[in-house]
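Let's take a friendly walk through this structure together.

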Amino acid sequence: MDKNPTMTREEFLTHCGRGLLLLALGGGLGGLVARNVRASTDMVWQIDPAKCNACGKCATACVLDRSAVRAANAFNMCGYCDLCTGYFGSQPAALNEGAENQICPTGAIIRKYVEDPYFEYTIDRNKCLACGKCVKDCALYGNGSLHLQIDQGECVHCNDCSIAKVCPTGAISRVPAERPYIPRQRPEN
Ligand code: SF4
Ligand code: SF4
Ligand code: SF4
């Protein structure tokens with residue numbers, strides 16, 4: 001289990017509970033997962049947003065049934081666009097919150113009016129499936145502020161991250177547990 005000094009007792013027990021559940025499944029497929037979980041670490045796996053191309057493998061390659069990866073928005077890079085290409089599909093019928101206009105298959109992106117003509121976009125992490133669609137189109141047509149990251153509260157800290165093994169861009173590596181997230185930053189010109 002991580003020696004994360006910020007982890008509360010409840011979070012620690014939650015992590016322990018998850019580990020015990022995996023161990024309880026040890027006779028079946030879950031055993032493969034349980035044996036792959038680290039006993040302790042001061043390093044954790046994380047995505048470098050500058051290397052990720054939102055290929056989609058983060059949604060399917062994690063050992064967890066539901067990936068530990070989530071989308072996030074770097075507000076220092078976001079244009080707060082009315083026509084956000086990470087939010088709207090390619091030909092939206094209208095620039096509003098109708099499900100048919102959104103690119104996200106689960107409606108995980110929250111669009112909130114700020115002031116004309118600006119809107120704020122945040123991710124409902126409980127709904128995000130890490131498909132990367134919003135990330136890809138934000139990078140292609142927008143500022144690239146939407147990005148993927150491994151949620152350290154969800155990750156079970158495998159010895160070998162199964163997503164890192166298949167990541168086509170080598171975007172996933174170990175980082176110090178005290179700095180578990182790699183900020184999305186503007187590329188240098
Ligand atoms: S489009 Fe995919 S990656 Fe983006 S918020 Fe929705 S589920 Fe998450
Ligand atoms: S280390 Fe990688 S494969 Fe394992 S739970 Fe975390 S994100 Fe998923
Ligand atoms: S597998 Fe690598 S390139 Fe693909 S979405 Fe995940 S981090 Fe990005």
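Before we start, one convention: Ala, Val, Leu, Ile, Met, Phe, Trp, Tyr, Cys and Pro count as nonpolar, Asp, Glu, Lys and Arg as charged, and the others, Gly among them, as polar. Keep in mind, too, that this is a predicted model.

Begin at ligand 1, which is surrounded by 16 residues. The closest are Ala 71, Cys 104, Cys 128, Cys 131 and Cys 134. By the convention above, this shell splits into 13 nonpolar residues, two polar and one charged. Which helix gives the most to the shell around ligand 1? That is α4, spanning residues 133-141, with three residues.

Now stay with α4. Its buried residues are Lys 133, Cys 134, Val 135, Asp 137, Cys 138 and Ala 139. Among the elements covering them are β2 (69-73), β3 (109-115) and β5 (146-150).

In soluble globular proteins, nonpolar side chains tend to be buried together. The largest nonpolar core here has 39 residues, and those touching the most other members are Val 69, Ala 71, Ala 130, Cys 134, Val 135, Leu 148 and Ile 172. Two or more residues come from each of β1 (43-47), β2, β4 (118-123), α4 and β5. The largest share, four residues, comes from α4.

Ile 172 leads us onward: beyond its neighbours within four places in sequence, Ile 172 is in contact with Trp 45, Ile 47, Cys 161, Ile 163, Ala 164 and Cys 167.

Notes
Residues are numbered from 1 along each chain as its sequence is written. Chains are lettered from A and ligands numbered from 1 in the order in which they are written. This is a predicted model: local features need pLDDT of at least 70, side-chain atom pairs count only at pLDDT 80 or more; totals for chains, interfaces and linings use all residues. A residue is near a molecule or strand if its C-beta atom, placed from the backbone, lies within 6 Å of it. A residue is buried if 20 or more other C-beta atoms lie within 10 Å of its own, exposed if 12 or fewer, and partly exposed in between; C-beta atoms are placed from the backbone. Two residues are in contact if their C-beta atoms, placed from the backbone, lie within 7 Å. A nonpolar core is a set of buried Ala, Val, Leu, Ile, Met, Phe, Trp, Tyr and Cys residues joined through C-beta atoms within 7 Å.
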